[in-house]
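Hi,

Here is the structure I promised to pass on. Have a look at it first, and then read on for what turned up.

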Amino acid sequence: MTQGLIDPPKSSISGSAVRRGDQIFRGITVGSGLLILLVMTSIGIFLTWKALPSFSHNSSNFFTESQWFPDQDTPIFGIAALAFGTFVAAIIAMLLAMPTGIGTSLFITFYAPKKLAGVMAFFIDLLAAVPSIIFGLWGLQFLMPHSEGVARWLDRYLGFIPIFQNRTDLYTKSLLIAGIVLAIMILPTISAISREVFNQVPRSHVEAALALGATRWEMVRMAVLPFGRPGIISASMLGLGRALGETIAVALILSAVFEVNPHITEPGGNTFAANIALKWNEAGPNGLSALIASGLVLFLITLGVNSVARGIIARRKDFSGAQ
Amino acid sequence: MSTQLRGSILPKWFAVALAGLSIGSAVMIERTTSVAGVGGTITLAVLLYLVLQTTWSFTVEGRRHAIDRLFATLMYSSFVIAALPLATLIWTVVSKGIKELDMNFLSHSMRSVSPSKPGGGVYHALLGTLEQVGIATLIAVPIGILTALYLVEYARGGRLAKAISFFVDVMTGVPSIVAGLFIYTAFVLTFGFDRSGFAAALALTILMLPVIVRATEEMLKIVPADLREASLALGIPKWKTILRIVLPTAIGGIITGVMLAVARVAGETAPLLLTTFLSQSINQNPFAGPQAAIPTFIWDQISSATPASLDRAWAGALTLILLIMVFYGTAKLIARYYAPKA
């Protein structure tokens, strides 16, 4: 506890212990902190306020309607297709990025030669520095033509499973490709946080396991994974939060269709964020309000996901005794 | 009875032999049936390797070692899978972007350049990005640093501090498009300003703030308490101690954090699409009129979708990556310059 040492004594030898400069400076710092609280709360307030008009004009159910015609004379719009696309793309991304990200961080922490580990970690972290527009451009121009074969293969050999079935002859601009690009984008998030957790595994646990004759994998399974589980979960949820809110890469890749289509290799699909970016400049007053409403839903979802993730991390800090 | 402490293990050369065997058979299968293509052949080779290794190891070394080897191979492959996209991405951006990227591209705008014709450049967008990111930094840095000072130097775990700390964490996860939506609803719809470079800068500020607060906090926490105590013991007021002793000690790390935040928002596209209008010409005034930025420039060129505009999009992407690398490089240099000297 450094607090008692830093604070000036309550009574002083001469003059007042409370100095004017201190009060002012403290006030300024508190003000900045409050400003951040204010910004976060006003995001919710302003979005709700500007979203409300569209609700009263909507002649359909906002949550179950999948069409998007907010600027007609009788506006019809809803987020069903958007929510579906957002979650499907994010789930595909999670399914791909979680094992790869965790595997990568285990590899860097426990398998790679110590000298190379730093360079490898830096290389993976570089992925996080690439802007999403460049991921979108790359996904559109490089990944899409190169991954068509995978989609065709899935359709031909696993097509009996409805989600892989393709009723068109087009295999591009699909939720599957959007999911793959999202997976690449959230991989550094998952990998960096779980690496941080794996580095905190007490050295004694690792060495005890190895000393008892465990193989390297048994050491990972019995000493590292149980310790790191909360960290892995929250890392994945932070990745999920990023995948749900990602805009530009998805907007470039998907061919926006307002339809709930479970066939993920077919062109189509749409997400909250991509829809806002694509419809923004052509939207009328009610259209803007409707887009803001969908943005509010996205905000609340990511808020929930991130809060849970942060909660898990915070709880772990309290109980594990590791800092 | 065996006196051996260690079971039999596979010789060192087995991995090489197996790799050769699996690649060989995968190529053979591809040649005779031709179902897979290049990607399929590689996948097939890896799968063959996994199966052969596990079987071989299982018969010679036993179950536990077979599983150990299986997972080791899986971890190595997951790293390769993770590194592959970055490698191809860098290669594509550099090889396609270098075609168009020259002094002419950097020093000209897109004014009266037809989307389908080559020519034009990124100057107007570069200018816009520098101005918008600059304004965002000017706003976010003082607020971010002061908030971190409150959290570390004054509050140390009070209720308000916990709330602020939690909201900073949550703010990190705010999707960039929501930041843009918020600035649009508040700044444009409610207060009646026009969409402008400044509105974009405000949206970027929201994205920068949590990064700066967190980085500063980390740095302040590692400033030794002795320094503060020595200063306070000499009768120096706390605010002066913070400004003259604590901040200068931590300044290297703080500037690095700020540069990383700058690098992160420089590539943001979504909030700019909502808060600025696309522009083809130079606009030095961020407070009025449409102003371009490199990310929206790339977006615009992709939307035009002609061969010439796609070339420009790639060149823009390369420019953006180089700009971000300059920011990162500066961050590293600053960190090194201010690092405590032994």
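This is a predicted model: local features need pLDDT of at least 70, side-chain atom pairs count only at pLDDT 80 or more; totals for chains, interfaces and linings use all residues.

Is Pro267(A) buried or exposed? It counts as buried, because 20 other C-beta atoms lie within 10 Å, and 20 or more is what the cut-off asks for. Setting aside residues up to four places away in sequence, Pro267(A) touches Thr168(A), Leu170(A), Thr172(A), Lys173(A), Ser174(A) and Ser255(A). As for Ile76(A), it is 191 residues away from Pro267(A) in sequence, and the C-alpha to C-alpha distance is 24 Å.

Now for the two chains together. On chain A, 73 residues are in contact with 75 residues of chain B. Helix H2 (residues 20–57) of chain A supplies the most to its side of this contact, with 19 residues. By type, that side of chain A has 45 nonpolar residues, 21 polar and seven charged.

Then there is the largest nonpolar core, with 180 residues, where Val181(A), Leu182(A) and Ile212(B) touch the most other members. Helix H8 (residues 197–221) of chain B gives the largest share, 17 residues. Domain 1 (14–97) and domain 2 (123–338) of chain B both contribute residues, so the core lies between them.

Back to one of those residues: which ones does Val181(A) contact, leaving aside neighbours within four places in sequence? They are Phe135(A), Gly139(A), Leu143(A), Ala249(A) and Ile253(A).

Cheers

Conventions. Residues are numbered from 1 along each chain as its sequence is written. Chains are lettered from A and ligands numbered from 1 in the order in which they are written. Two residues are in contact if their C-beta atoms, placed from the backbone, lie within 7 Å. Helices (H or I, at least four residues) and strands (E, at least two) are DSSP runs, numbered from the N terminus. Ala, Val, Leu, Ile, Met, Phe, Trp, Tyr, Cys and Pro count as nonpolar, Asp, Glu, Lys and Arg as charged, and the others, Gly among them, as polar. A nonpolar core is a set of buried Ala, Val, Leu, Ile, Met, Phe, Trp, Tyr and Cys residues joined through C-beta atoms within 7 Å. A residue is buried if 20 or more other C-beta atoms lie within 10 Å of its own, exposed if 12 or fewer, and partly exposed in between; C-beta atoms are placed from the backbone. Domain bounds come from an automatic or database domain assignment.
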